[in-house]
Amino acid sequence: MKKIISALLALVLSLSLCACTRSNQTDFTSVRTKNFISEKYSEFELRIALKVVYDRFSTWKGVRLISVEYMGDERSEGELDYCRGINKKNYADCIVFTSAYRTYKNCEPCLEPFTVYDGYNWIIAREKNGTWELVTCGYA
């Protein structure tokens with residue numbers, strides 16, 4: 001009887017450890033970046049804004065970021081008034097990214113596990129001489 005209980009405990013312990021293998025993503029080196037070309041922002045500035053996305057995304061559990069694409073100067077400029085209206089700040093710059101990510105078991109936030117989601121938008125803005133901040137994210 002003790003052997004059966006020990007075996008069951010070992011099984012439960014090993015299964016619980018398997019559930020933890022997909023924790024928060026902290027390594028973004030494998031994330032594909034697309035269209036990081038801008039007349040307004042240098043690639044360096046785009047990558048600094050992208051770090052805001054990585055910082056937020058790393059708080060999600062059970063998901064893996066696949067790709068991030070800069071939506072272009074025109075789209076980003078078009079969202080500037082929207083950003084100002086949301087936070088009542090006088091933003092000078094706005095960058096819009098779209099991303100694709102994959103969910104796994106026990107994902108948070110999660111619509112459906114084991115699914116790839118595409119077209120998830122990130123709107124990042126900064127005031128003059130300020131730092132980039134996440135204004136909003138989601139599907140539009």
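**Exercise 1.** Identify the residues with the most contacts inside the largest nonpolar core, and the elements that supply this core.

*Solution.* Step 1: a nonpolar core is a set of buried Ala, Val, Leu, Ile, Met, Phe, Trp, Tyr and Cys residues joined through side-chain atoms within 4.5 Å; buried means under 20% relative accessible area (1.4 Å probe, protein chains only). Step 2: the largest such core has 26 residues, and Phe57, Leu65, Ile95, Phe97, Tyr101, Trp122 and Ile124 have the most contacts inside it. Step 3: at least two residues each come from helix H2 (43-57), strand S2 (61-70), S3 and S4. H2 gives the most, with seven residues. Step 4: another core, of eight residues, lies apart from it and includes Leu80, Tyr91, Val96 and Val135.

The model is predicted: local features need pLDDT of at least 70 and side-chain atom pairs pLDDT 80 or more, while totals for chains, interfaces and linings use all residues. Residues are numbered from 1 along each chain as its sequence is written, and side-chain values use heavy atoms, without hydrogens and water.

**Exercise 2.** Determine the strand order of the open sheet and its edge strands.

*Solution.* Step 1: helices (H or I, at least four residues) and strands (E, at least two) are DSSP runs numbered from the N terminus; two strands pair if DSSP finds at least two bridges between them. Step 2: the five strands follow the order S1-S2-S3-S4-S5, with mixed pairing. Step 3: S1 (32-34) and S5 (133-138) each pair on one side only and are the edge strands. Step 4: S3 (residues 91-108) and S4 (residues 116-127) are antiparallel over 11 bridges, and Asp93 stands opposite Arg126 in S4.

Note on methods:
Buried < 20%, exposed > 50% of the residue type's maximum accessible area, 1.4 Å probe, protein only.
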